[in-house]
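These are my notebook entries on a structure that I had not examined before. I record what I looked up, entry by entry.

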Amino acid sequence: MDKEITPLQPTPAWRSTQKVSPRVTQKIAFTVIWICGVIAILALFVIVGYVLVRGGRTITPEFLFTAPEGGISGEGGIATVIVTTIMLMLLTVVILTPLGIAAAIYLSEYARDNWFSGVIRYGVDLLAGVPSIIFGLFGYVVFVVALHFNFSLLSGALTLVALELPVMIRTVEEALKAVPHSYREASLALGCTKWQTIRQVILPAAIPGIVTSIILTTGRTLSETAALYVTMGGSSALPTSLFSGGRTLALHVYYLAMDTTAFDKAMGTGIILIVLIIIINLITHRISRWYQKRMGIKETE
Amino acid sequence: MNPKMQAINVSFYYGKKQALKNVSVDIKENEITAFIGPSGSGKTTFLRLLNRMDELVRGTRLEGRLLLDGENIRGTGRDVVELRRRVGMVFQQPNPFPKTIFENVAFGRRMLGMSHSQKLEEIVEKSLREAALWDEVKDDLHHSGLALSGGQQQRLCIARMLAVEPEVILMDEPCSGLDPISTLRIEELMQELKKQYTIAIVTHNMQQAARASDWCGFFLLGEMLEYGATGEIFSRPQNKKTEDYISGRFG
Ligand SMILES: Nc1ncnc2c1ncn2[C@@H]1O[C@H](COP(=O)(O)OP(=O)(O)O)[C@@H](O)[C@H]1O
Ligand SMILES: [Mg+2]
């Protein structure tokens, strides 16, 4: 678009005489911020409200305790899907957490600032921004096809590990780095080895941060669809081993919405997914609080 | 009597910057040696050399020799972990672990492989008593060490160090963040401790050095300008700069 060349205009009279006072500016800023806040909260209420209203009716004991029956009308419930979701979640956490912590310890305590750690950090940051379907295709090629894991829980979990590892490493690394240097000095000055210091002082002190990291990545496991679509298949049966496929709640929402007419059930499944996320958050926080209190990490209650 | 620790012609560099210049000093057994001097004069640097805490900083260089019981503490094959068990340290800022009081004190012993809980309990109690903290915390052993006051935290750190039964205790301005009452308690404590331990303390507090130490070294710009019996240094300093410093004319 061409810019119009406007001739210099004399400053309007109100401007030259009376600038907008800071007080007015502040009022305007507050109003804008307030409106933004209201919009955000409204949006949240509208979305959750919509899901609740449309999906709420479908949540019955039968819905929770029977398996999906398939078909264009999406008969049946979500029992197997809930169980599959929890299995996948646990499997992913069990593989992911040790790897993430080990890599973070390496970066934060051993590599500190050499070129190698620089490359890793950069790579990790880069990977964190790659769309999940790319990881899905990677998982498909490597785990499903090359390693013959087929569409399975294991392929899905390993793909999620690849997807979530960068975030886990960076967040745990931050947690480790946030542990005061003075703790390290105290431990070393007592004649403890570096490994003892890491294992017995730094890791326990970083537990709250590590827990946050686990919650963050678990949230990702629960909400992921694309990467699992191409690595877990979509069988609605209960997996019988690590090598059988399955369907998570988020995937089920996708299937119901795309392949069936049971849109309300998709919303109902969404509600259960949200509830599951809340429950997991609560449980994890409880455990973390209990641990911190027992170990004396926190000053007081 | 041989000195417990000895520095012989020690120079120390952070990169190109020289922080210690040709320092030689003895730290005598079962006595308290104080190091005084304005900030930036190298007191902390020197103290940390004595248990090799300087090795946590990269790009440093050491010349000269440091001896413990007449043996070089950095000779080939000398174990840094073993040295630090024999030469304990209390830092300027109290730094208890985010653990319970009990676990703070038991920590060093646990890391040495002790798991016998009754023996550990005895050691914890003994150390807390030695650090004059037992009466205040005996009912709260399983509360967080971070919940204590600053003075109590510093005594907790002393107890934690005593629990591994070192021979030498290094203290880097242990009272700088504490109120006068806590400071006095720690000074009394030092008088108790010197019966069993050898103590080196850095302090910027002249009265503290005069009250609490037997020997005193004055650092200025990385040099040990003067060293001698505390009474001598404070009543008849040989060096004009020492005199100016202890009489408060600079610092
Ligand atoms: N980690 C470090 N890296 C570089 N220079 C340092 C470091 N620690 C101390 N120094 C320098 O060494 C000198 C002596 O410092 P320090 O031993 O802390 O003195 P003091 O304890 O007497 O105040 C100061 O000039 C200080 O800037
Ligand atoms: Mg200092």
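**Entry 1: Thr80(A).** I located Thr80(A) in helix α4 of chain A, residues 79-111. Helices (H or I, at least four residues) and strands (E, at least two) are DSSP runs, numbered from the N terminus. Setting aside neighbours within four places in sequence, I listed the contacts of Thr80(A) as Ala67(A), Pro68(A), Ser236(A), Ala237(A) and Leu238(A), where contact means heavy atoms within 4.5 Å.

**Entry 2: basis of the values.** I note that the model is predicted, that local features need pLDDT of at least 70, and that side-chain atom pairs count only at pLDDT 80 or more, whereas totals for chains, interfaces and linings use all residues. Residues are numbered from 1 along each chain as its sequence is written, chains are lettered from A and ligands numbered from 1 in the order in which they are written, and side-chain values use heavy atoms, with hydrogens and water left out.

**Entry 3: the domains of chain A.** I found chain A divided into domain 1 (23-58) and domain 2 (61-294), with bounds that come from an automatic or database domain assignment. Over C-alpha atoms, the centres of domain 1 and domain 2 of chain A are 30 Å apart. Their contact involves 8 residues of domain 1 and 7 residues of domain 2. The two domains of chain A bury about 700 Å² between them, 69% of it from carbon and sulfur atoms; buried area is the accessible area (1.4 Å probe) that two parts lose on being put together, summed over both. On the side of domain 1, Val51(A), Arg54(A) and Thr58(A) lose the most area to domain 2, together 67% of what that side buries.

I counted 2 salt bridges between the domains of chain A, a salt bridge being a side-chain nitrogen of Lys or Arg within 4 Å of a carboxyl oxygen of Asp or Glu. I also looked up the salt bridge of Arg57(A) with Asp264(A), whose closest N and O atoms are 3.2 Å apart.

**Entry 4: chain B against chain A.** How many residues of each chain are in contact? I found 26 residues of chain B in contact with 24 residues of chain A. The buried area between chain B and chain A is about 2100 Å², with 64% from carbon and sulfur atoms. Phe97(B), Pro98(B) and Met111(B) supply 25% of the area that chain B buries against chain A, more than any other three residues. The count between the chains is 1 salt bridge. Glu185(A) forms a salt bridge with Arg48(B), the closest N and O atoms lying 2.6 Å apart.

**Entry 5: positive phi.** Most residues other than glycine have a negative phi. I noted that Asn150(A), not a glycine, has a positive phi of about 60°. Asn150(A) sits in the loop between α6 (132-146) and α7 (153-177) of chain A, and is partly exposed with a relative accessible area of 45%. In chain B, phi of Asp69(B) is positive, near 50°. I placed Asp69(B) in the loop between β4 (60-68) and β5 (71-72) of chain B. Asp69(B) counts as partly exposed, at 39% relative accessibility.

How values were computed. Buried < 20%, exposed > 50% of the residue type's maximum accessible area, 1.4 Å probe, protein only.
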